[in-house]
Amino acid sequence: MIIDYQPRGVCSRRMTLEVEEGVIRSIRDGNLQGISRLVEGMEVSEAIRRLDGIRCGGKPTSCPDQLAQALKQYKGE
């Protein structure tokens, strides 16, 4: 399944994720290259557990947190 997500409160403007059978296959977003390589092949639930709630400086969110929000949306949470 392809997920298009518009993050809020971060530099990234769009995340496109490919999830297959509950496993992250790819993430397309220039700002998330490092994170993408770390979570590709990881189960969605594990990525959410690791990334949810991470903040960027004084902001209430971050690119990793927004990725977790996109994955939560995929799971219907």
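A polar contact is a pair of N or O atoms within 3.5 Å, where within protein one atom must be able to donate a hydrogen and the other to accept it. The views below all show a predicted model.

View 1. The side chains of Ser-12 and Asp-29 are joined by a polar contact of 2.2 Å. Ser-12 lies in the loop between β1 and β2, and with a relative accessible area of 1% this loop residue is buried. When residues up to four places away in sequence are not counted, Ser-12 touches Pro-7, Asp-29, Asn-31 and Cys-63. Gly-57, by contrast, stands 45 residues from Ser-12 in sequence and 16 Å from it in space, taken from C-alpha to C-alpha.

**View 2. The cysteines Cys-11 and Cys-63.** A search of the whole structure for disulfides finds zero. Cys-11 is in no disulfide, and the nearest cysteine sulfur to its own, that of Cys-63, is 6.2 Å away. Because a disulfide requires the two sulfur atoms to be within 2.5 Å, the 6.2 Å between the sulfur of Cys-63 and that of Cys-11 is too far for a bond.

**View 3. The strands β1, β2 and β3.** Strand β1, residues 2–5, runs antiparallel to strand β2, residues 15–20, and four bridges join them; in this pairing Ile-2 stands opposite Glu-18 of β2. Strand β2 also pairs with strand β3, residues 23–28, again in the antiparallel sense and over five bridges, and here the bridge partner of Leu-17 is Ile-27 in β3.

**View 4. Glu-21 in the hairpin of β2 and β3.** The hairpin has two residues between its strands, and Glu-21 takes a positive phi near 55° there. Most residues other than glycine have a negative phi. Glu-21 is a residue other than glycine, yet its phi is positive. With a relative accessibility of 77%, Glu-21 counts as exposed.

**View 5. The buried side of helix α2.** In helix α2, which spans residues 44–51, the buried residues are Val-44, Ala-47, Ile-48 and Leu-51. These four cover an arc of only 100° around the axis, and therefore lie on the same side of α2. An α-helix has 3.6 residues a turn, so residues three or four places apart point the same way. The elements that cover the buried residues of α2 include β2, β3, α1 (33–39) and α3 (63–75). Just after α2, Gly-53 takes a positive phi of about 90°.

**View 6. The largest nonpolar core and Leu-67.** This core has 21 residues, and those with the most contacts inside it are Leu-17, Ile-24, Ile-27, Val-39, Leu-67 and Leu-71. Two or more residues are given to the core by each of β1, β2, β3, α1, α2 and α3, with the largest share, five residues, coming from α3. Leu-67 touches Met-15, Leu-17, Ile-27, Ile-35, Val-39 and Leu-51, with residues up to four places away in sequence left out of the count.

Key: Residues numbered from 1 in each chain as written. Predicted model: local features only at pLDDT ≥ 70, side-chain atom pairs only at ≥ 80, totals over all residues. Heavy atoms only, no water. Pairing = 2+ DSSP bridges. Buried < 20%, exposed > 50% of the residue type's maximum accessible area, 1.4 Å probe, protein only. Arc of directions from axis to C-beta. Contact = heavy atoms within 4.5 Å. Core = buried A, V, L, I, M, F, W, Y, C linked by side-chain atoms within 4.5 Å.
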